[in-house]
Amino acid sequence: MTQIFLPGDPLPASSQPGLGTHLTSHTTVSSLAGTLLPSKTTSTILPPTTTAPLPSTGDIVLGTITRLTPRHATMDILALTTLPRASPSLSSSSNPTTSSLATSPLTTTSSSLTSTLPLPYAHQALIRQQDIRATELDKVTVAGCFQVGDVVRAVVISIGDERNYYVSTARDELGVVLGRSETGRELVGVSWGEMREVRGGKLVGRGEGRKVARVV
């Protein structure tokens with residue numbers, strides 16, 4: 001098992017101080033937390049090379065909606081992800097009346113992502129009402145764009161406060177990528193603002209409002 005040295009821990013007496021170490025009272029000690037690089041003459045402490053990733057401003061993330069209020073949706077960020085091509089700016093139009101988006105279940109959209117990195121634990125984020133769409137903000141309602149359990153692709157716009165990140169879906173390729181109907185069936189995006197159930201390859205049932213992510 002690899003030994004971890006902490007700042008101030010003494011190192012083998014025969015070694016000379018190197019990177020990450022210093023000499024105190026004729027004793028070589030560690031200056032930081034890490035592992036000892038094997039050497040017969042010099043002591044070098046290597047800091048940990050891997051740390052748990054954290055969402056940063058500008059990152060594309062995936063998460064699930066956990067709660068709705070009239071002013072915002074709460075989302076658990078579960079993974080960092082990327083898109084296969086450059087994304088439009090936040091000012092690009094997201095028109096809920098645009099023609100049909102797709103005729104196959106939205107589960108197929110995840111295959112277009114170049115990579116996805118699951119996070120070791122969830123990070124809570126808020127999608128504020130004004131950050132859902134880039135246009136017609138006066139017509140946006142949180143419940144008309146998301147439902148609890150939806151899987152959403154979003155971009156981090158602020159690290160927020162100590163409790164929440166702030167994320168946005170105000171791009172065409174951001175929004176709900178996986179949805180379930182009120183009856184638990186898979187939903188397909190039929191426009192920028194509507195999803196419907198699929199049964200036997202056919203659209204059935206009434207439409208449900210969503211801020212739908214464009215298939216990329």
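Two strands pair if DSSP finds at least two bridges between them. Strands themselves are DSSP runs of E with at least two residues, helices are runs of H or I with at least four, and both are numbered from the N terminus. Keep those two ideas handy for the tour.

What you have open is a predicted model, in which local features need pLDDT of at least 70, side-chain atom pairs count only at pLDDT 80 or more, and totals for chains, interfaces and linings use all residues. Residues are numbered from 1 along each chain as its sequence is written, and side-chain values use heavy atoms, with hydrogens and water left out.

**Stop 1: the whole chain**

Show the protein chain as a cartoon. How many helices and strands does the chain have? The count is 0 helices and 14 strands. Now colour by burial: 39% of the 216 residues are buried, meaning under 20% relative accessible area, while exposed means over 50% and partly exposed is in between (1.4 Å probe, protein chains only).

**Stop 2**

Together they form an open sheet in the order 1-5-4, with mixed pairing. Strands 4 and 5 run antiparallel and are joined by 3 bridges. Which residue of strand 5 is the bridge partner of Leu36? Click on Ile45.

**Stop 3: Thr44**

Is Thr44 buried or exposed? Thr44 counts as buried because its relative accessible area is 13%. Show its neighbours: leaving out residues up to four places away in sequence, Thr44 touches Gly18, Leu19, Thr21, Thr35, Leu36 and Leu37. A contact here means heavy atoms within 4.5 Å.

**Stop 4: strands 12, 13 and 14**

Jump to 194-199, strand 13. This strand sits in an open sheet of 3 strands, ordered 12-13-14, with antiparallel pairing. The edge strands are strand 12 (187-191) and strand 14 (202-209). Strand 13 is joined to strand 14 by 5 bridges. To finish, select Val198 and look across to Leu203 in strand 14, which stands opposite.
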